[in-house]
Amino acid sequence: MTPAEQTRGRQRGVAAPLRSGAGSTLANYRAFFERAVRKPNLVGAVAPSSPSLAREMASVVPSSGAPVVVELGPGTGAISGAIAERLPAGGRQVAIELDGGMVEYLRAELPWLEVVQGDAARLGELLAEIGVSEVDAVVSGLPWSIFPATLQRDILRQVGSVLAPGGAFTTFAYVHALGMTGARQFRRRLDLTFDEVLTSHTVWRNVPPARIYVCRRPHLD
């Protein structure tokens, strides 16, 4: 059953298939390392996100109503499963993934996830193509520190343009990389893009340890 069919089923009061986790841990690691070898310039991590980091990242997802949640750079789906666990039955979960191999993997391993192949710098256009004009939460696993400043700016502008009033954007940075030029640049850009940027405690149960940014009220220009 496609995500659209699941959504129609919920609207008719028909139970949708239960969302399961993001596949086995072994499958996650295998897919992750295959991607890292194939396209190292697109992978900024050394391992998939841990369950602890995934749960904290997904904490901005509304747990009631019919929210639309978008994940940028889902990778092997480690965070996708945490989003699905929190998302209410009437919600819609969309993942934007650039790598064609990972798109195929996600569609096979997480058939309940609505995966759209494309560049996050075209987020508004990609969402419009599937009938989404605004979203309640954007959760990002993108490797910001390895992105050039222009790409950071373009993606964040797109995120701000699609967030609904009261919506939130969340992403993370590895603690060991916070002093890197790209990471410092990204942190400054968050402050320029959003009225509120909250930094979490360090999530030690992740490899490497990470901190989470929760951002609200984008400055729209």
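This is a predicted model: local features need pLDDT of at least 70, side-chain atom pairs count only at pLDDT 80 or more; totals for chains, interfaces and linings use all residues.
View 1. Helix α4 spans residues 78-86, and seven of its nine residues are buried, so the helix is largely enclosed by the rest of the structure.

**View 2. Packing of helix α7 with helix α8.** Helix α7 covers residues 149-162 and helix α8 covers residues 181-193. Their axes lie 10 Å apart, at an angle of about 30 degrees. Angles under 35 degrees count as roughly parallel, and α7 and α8 are therefore roughly parallel to each other. The crossing of α7 past α8 is right-handed.

**View 3. Residues at the contact of α7 with α8.** From α7, the residues taking part are Ala149, Gln152, Arg153 and Leu156. They meet Gly182, Gln185, Phe186, Arg189, Leu190 and Thr193 of α8. Sorted by class, the contact has four nonpolar residues, four polar ones and two charged ones. In an α-helix, residues three or four places apart point the same way, because there are 3.6 residues a turn.

View 4. Thr193 is placed in helix α8. Its relative accessibility is 12%, and Thr193 therefore counts as buried; the cut-off for buried is under 20%. Apart from neighbours within four places in sequence, Thr193 is in contact with Leu156, Arg217, Pro218 and His219. Of these, Leu156 belongs to the α7 side of the contact between α7 and α8.

View 5. The protein has an average pLDDT of 83, and 78% of the residues score at least 70. Over residues 1-18, the pLDDT is below 50, and the model gives this stretch 16 contacts beyond near neighbours in sequence. Residues 28-46 also stay under 50 in pLDDT. For residues 28-46 the model has 39 contacts beyond four places in sequence.

**View 6. The whole protein, for orientation.** The secondary structure consists of eight helices and seven strands. The protein has 221 residues, and buried residues make up 48% of them. Among contacts between residues at least 6 apart in sequence, 68% join residues at least 24 apart.

Terms used. Residues are numbered from 1 along each chain as its sequence is written. Side-chain values use heavy atoms; hydrogens and water are left out. Axes are lines fitted to C-alpha atoms, for helices over the stretch in contact, and angles run from 0 to 180 degrees between N-to-C directions. Helices (H or I, at least four residues) and strands (E, at least two) are DSSP runs, numbered from the N terminus. Angles under 35 degrees count as roughly parallel, over 145 as roughly antiparallel, 65 to 115 as roughly perpendicular and the rest as oblique. A crossing is left-handed if the near helix is turned anticlockwise from the far one by less than a right angle, and right-handed if clockwise. Contact means heavy atoms within 4.5 Å. Ala, Val, Leu, Ile, Met, Phe, Trp, Tyr, Cys and Pro count as nonpolar, Asp, Glu, Lys and Arg as charged, and the others, Gly among them, as polar. pLDDT is the predictor's confidence in each residue, from 0 to 100. Buried means under 20% relative accessible area, exposed over 50%, partly exposed in between (1.4 Å probe, protein chains only).
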